[in-house]
Structure formats: structure tokens, C-alpha cells
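Subject: Structure handover

Hello,

Here is the structure for your files. Please look it over first; my notes follow below.

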Amino acid sequence: MAHYELYDDDGSTDHEQCQRCGDSFLADHGDRLHCGKCGYMEWA
């Protein structure tokens, strides 16, 4: 399983949180942002 850092050293992040469920980050797929938890999607 791959692990990656969401937060910078100062505790900030450049990832957007899901507007529907609010407790997960949106995955950036280039043409859209997608929440893997609830399925919310924003098109760019």
C-alpha cells in the first residue's frame, strides 16, 4: 500500500476537502476532483 504526505511541515495542505462529507480529501484527476468516500465530483 502506497503512503504519501497530505500535510506540509507547518500542518497546511493544498488538497481540498470534500464539500459533501467534509472529512476526506478530494483526489485530483486533472479534469475533475473526486471524493472516494461519498462519490462527490467537481469538473474543472
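What share of the 44 residues in the protein is buried? Buried residues make up 14%, where buried means under 20% relative accessible area, exposed over 50%, and partly exposed in between (1.4 Å probe, protein chains only).

Before the details, the ground rules. This is a predicted model: local features need pLDDT of at least 70, side-chain atom pairs count only at pLDDT 80 or more, and totals for chains, interfaces and linings use all residues. Residues are numbered from 1 along each chain as its sequence is written, and side-chain values use heavy atoms, with hydrogens and water left out.

Secondary structure

The protein has zero helices and three strands. Helices (H or I, at least four residues) and strands (E, at least two) are DSSP runs, numbered from the N terminus. The order from the N terminus is β-β-β.

The three strands make an open, antiparallel sheet in the order S1-S2-S3. Two strands count as paired if DSSP finds at least two bridges between them. Strand S1 (27–28) and strand S3 (41–43) are the edges, each pairing on one side only. S1 is joined to strand S2 (residues 32–34) by two bridges, and these two strands run antiparallel. Ala27 has His34 in S2 as its bridge partner.

Core and cysteines

Cys18, Leu26, Leu33, Cys35 and Tyr40 form the largest nonpolar core, of five residues. Such a core is a set of buried Ala, Val, Leu, Ile, Met, Phe, Trp, Tyr and Cys residues joined through side-chain atoms within 4.5 Å.

Cys18 is buried, at 4% relative accessible area. Leaving aside neighbours within four places in sequence, Cys18 is in contact (heavy atoms within 4.5 Å) with Ser24, Leu26, Cys35, Cys38 and Tyr40.

Cys38 is in none either; its nearest cysteine sulfur, that of Cys18, is 3.6 Å away. Cys38 counts as partly exposed, at 28% relative accessibility.

Whole-chain totals

Among contacts between residues at least 6 apart in sequence, 2% join residues at least 24 apart. The protein exposes about 3,700 Å², with carbon and sulfur atoms supplying 47% of that area. Accessible areas come from the Shrake-Rupley method with a 1.4 Å probe; for residues, only the protein chains shown count as cover.

Best wishes

Technical notes: Disulfide = S-S within 2.5 Å.
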